[in-house]
Amino acid sequence: MFELAGAYYMILFFIALFAGFIDAIVGGGGLITLPALLASGIPAHLSLATNKLQSVFGSFTATLTYFKARTMKHLAWGVAFTGLGAGLGAYIVLLVNDKHLKLIIIIFLTLTFLYTLLRPNLGKHKSKAKIKNIKIFHMLCGLTLGFYDGFLGPGTGSFWIFACVAFLGYDMKNASMNTKILNFSSNIVALVIFLWHYEVLWLVGFLMGFGQIVGAFLGSKLVLKTQGAFIKKLFLIVVGATILKVTWDYFSQF
């Protein structure tokens with residue numbers, strides 16, 4: 001059984017708190033927590049499994065807060081397809097190397113970043129939906145993004161927000177609110193797969209989970225109290241940081 005040095009527990013708690021705050025607003029919390037777990041010396045697959053455990057707490061807290069504030073429609077289809085994709089992704093990640101997927105992530109994140117940056121009004125107001133059939137949207141994005149979240153994870157929330165803005169015409173605030181239950185769905189399904197076929201660091205996961213709860217509560221409350229004008233800027237910062245991190249990981253393999 002892997003043992004972590006004592007000082008890392010408190011460090012990981014505060015990292016999870018910050019990640020939960022960021023993730024509740026624009027997603028990308030995994031960009032912060034997964035590298036932190038790996039940097040602590042925890043093996044890759046064990047880091048992935050433990051990251052899913054702690055992230056469940058944050059995504060559930062944000063989901064609960066948003067549900068109390070507003071009824072979100074049409075998400076049952078998204079939950080079903082996202083869960084299916086996440087289960088498949090979590091199972092496969094235990095079998096294969098992720099280096100080829102990282103290159104794909106870099107490409108799509110970069111396109112997402114440039115598209116958002118070059119369209120100043122994107123997500124500022126609601127717009128006309130490009131995919132009018134909500135079931136088709138949830139089937140395509142749920143399977144794809146659910147698979148990615150189960151397989152690796154960092155940036156999933158940002159991908160979901162972008163998908164809702166670009167294809168459903170949501171503004172950034174409503175996109176952020178609607179995507180949290182989808183993120184929670186993929187987190188919980190992936191966690192179940194990891195528990196079934198692998199293991200997690202329970203103490204680390206629960207400690208970081210508590211940090212996620214505090215951070216996610218503060219972040220989701222901030223979104224509800226504002227008009228969301230800052231969300232796009234924070235979205236670009238998080239996506240840009242994700243691109244740099246994943247690019248560094250990809251090329252450091254060679």
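## Close-ups of an all-helix chain

View 1. Of the chain's 254 residues, 54% count as buried (buried means under 20% relative accessible area, exposed over 50%, and partly exposed in between, using a 1.4 Å probe and protein chains only). This is a predicted model, where local features need pLDDT of at least 70 and side-chain atom pairs count only at pLDDT 80 or more, while totals for chains, interfaces and linings use all residues. Residues are numbered from 1 along each chain as its sequence is written, and side-chain values use heavy atoms, with hydrogens and water left out. The secondary structure comes to ten helices and zero strands (DSSP runs numbered from the N terminus: H or I of at least four residues for helices, E of at least two for strands). Among contacts between residues at least 6 apart in sequence, 86% join residues at least 24 apart (contact means heavy atoms within 4.5 Å).

**View 2. The nonpolar cores.** The largest nonpolar core holds 49 residues, and V26, F137, I161 and F235 have the most contacts inside it (a core is a set of buried Ala, Val, Leu, Ile, Met, Phe, Trp, Tyr and Cys residues joined through side-chain atoms within 4.5 Å). Among the elements giving two or more residues to this core are helix 1 (6-26), helix 6 (134-151), helix 7 (156-168) and helix 10 (231-251). Helix 8 gives the largest share, ten residues. A second, separate core has ten residues, including L4, A36, L37 and M208.

**View 3. A salt bridge under cover.** A search of the whole structure turns up one salt bridge (a side-chain nitrogen of Lys or Arg within 4 Å of a carboxyl oxygen of Asp or Glu). The side chains of D149 and K52 form it, at 2.8 Å from N to O. D149 sits in helix 6 and K52 in helix 3, so the pair ties together parts that are 97 residues apart in sequence. Both D149 and K52 are buried.

**View 4. The largest cavity.** There are two cavities of 30 Å³ or more (on a 1 Å grid over the protein atoms alone, a cavity is a set of points where a 1.4 Å probe fits but cannot get out; lining residues have an atom within 4 Å of a point). The largest has a volume of about 160 Å³, where volume is the space filled by probe spheres set on the points, and points are joined across faces, edges and corners. Its lining has 20 residues, with D23, G29, G30, S55 and N187 nearest its centre. Helix 1, helix 2 (29-39), helix 3, helix 7 and helix 8 each give two or more residues to that lining. Helix 3 gives the most, with five.

**View 5. K180 and its neighbours.** K180 belongs to helix 8. This lysine counts as buried because its relative accessibility is 1%. Leaving aside neighbours within four places in sequence, K180 is in contact with D23, A24, G27, S59, A62, T63 and Y66.

**View 6. M139 and A80.** M139 is in helix 6. With 32% relative accessibility, M139 counts as partly exposed. M139 and A80 are 59 residues apart in sequence, and their C-alpha atoms are 8.7 Å apart in space.

How values were computed
On a 1 Å grid over the protein atoms alone, a cavity is a set of points where a 1.4 Å probe fits but cannot get out, and a pocket is an open set with protein on both sides within 12 Å along at least five of seven lines; lining residues have an atom within 4 Å of a point.
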